[in-house]
Amino acid sequence: MLYKKWSADLRRRFGNRVQKISLDIGSGCPNRNGLGEGGCIFCDSSGGGNGAWMRGESLELQVRKGMKSAVEHYKAKGCILYFQSYSSTYGPLGRLKEAIERAQAEATRHLPVLGLAVGTRPDIVSDEVVSYLSSLCRSDFEVWLELGVQTTDEDSLRWLRRGHDLACVEDTLNRCLDEPFSVSAHLIAGIPGERDDQLLRSARWLLDRGVTGLKFHPLYVLRCTPLEDLYMSGRFEPLSMDRYVSKVAEVLALEGSRFVVQRLTADVWGGRLVAPSWLADKNGVMAAIDENVRSRLGV
């Protein structure tokens, strides 16, 4: 195996295909005005998810649709509920607790629920949230806290309009270090002005602080975002596929044994993608990354 793939790791541990079910509870974000304007330079009104909440889909309906796909398309025998969109820990903790309980109740009618993943920002992970996630952990039920870190370069964090600094990320990781749940981090490649090896630098910084899973994607342009304005005016140019592949492959070849790869590139739904066009060829991007890693490792 070239590197540790989360899908393969789940199959090994649970004996069958385990599918992640993405859910949107309309949590909002402290960096946005409700679900509308503001936010990071790359983020649109779907909050990094599939837009189900904006379409008026109930949580139960989202679970049923996700389960149908998991069973019919992937032949899954178990699932992990992923609270993906916006920042799931924004607002009262009771709201997240209720959503998790409702989602589990619906999901268990279709497939065994083997885990939970909560996506959020580093600046809204309270001690109460940490304690709650820890209480959910069992030997047969894995829990992940997914942090949108994006980069460890302070200038790039400001350019992205993240609204938090690196000290905030470090504080959150320190408070999660000895907890029974796992932490993964999202990283972006292709931020203007960053070092050529910034993706590798960011990955190493996070791995040294206890992160055990990483997700990668390029900085891409969605409709109705501030980044679209920059792109249309010629002030931002996305990475080429070759450059993106090289950056991710460098991390995998040098540090791949230290973490589980949870994502190699991005999924964009519903015609929202403006650029780069190559992002739509997800399988092609992943195959190119594997080929580059093989080349680097000489296998």
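Me: Let's start with W6 and W144: buried or exposed?

Reply: W6 and W144 are both buried. Keep in mind that this is a predicted model.

Me: OK. How many aromatic pairs are there overall?

Reply: The count comes to four. In one of them, the ring centres of W6 and W144 are 5.8 Å apart with the planes at 75°. That angle is over 60 degrees, so the pair is edge-to-face.

Me: And which parts does that pair tie together?

Reply: W6 sits in helix α1 (residues 6-14) and W144 in strand β5 (residues 142-150), so the link is between parts 138 residues apart in sequence.

Me: What does S184 touch, leaving out residues up to four places away in sequence?

Reply: W144 is on the list, along with L145, E146, L147, V211, G213, L214 and Q262. S184 belongs to strand β6 (residues 182-189). Its relative accessibility is 0%, so S184 counts as buried.

Me: Which side chain does the S184 side chain make a polar contact with?

Reply: That of Q262, at 3.1 Å.

Me: Switching topic: what lies over the face of Y82?

Reply: K20 does, 3.8 Å from the ring centre.

Me: Last one, M286. Where is it found?

Reply: In helix α10, which covers residues 282-297. M286 has a relative accessible area of 26%, so it's partly exposed. Setting aside neighbours within four places in sequence, M286 contacts L264 and T265.

Key
Residues are numbered from 1 along each chain as its sequence is written. This is a predicted model: local features need pLDDT of at least 70, side-chain atom pairs count only at pLDDT 80 or more; totals for chains, interfaces and linings use all residues. Side-chain values use heavy atoms; hydrogens and water are left out. Helices (H or I, at least four residues) and strands (E, at least two) are DSSP runs, numbered from the N terminus. Buried means under 20% relative accessible area, exposed over 50%, partly exposed in between (1.4 Å probe, protein chains only). Contact means heavy atoms within 4.5 Å. Rings of Phe, Tyr and Trp (its six-membered ring) pair if their centres lie within 6.5 Å; planes under 30 degrees apart count as stacked, over 60 as edge-to-face and the rest as tilted. A charge sits over a ring if NZ of Lys or CZ of Arg is within 6 Å of the ring centre and within 35 degrees of the ring normal. A polar contact is a pair of N or O atoms within 3.5 Å; within protein, one must be able to donate a hydrogen and the other to accept it, and residues adjacent in sequence count only if both atoms are side-chain atoms.
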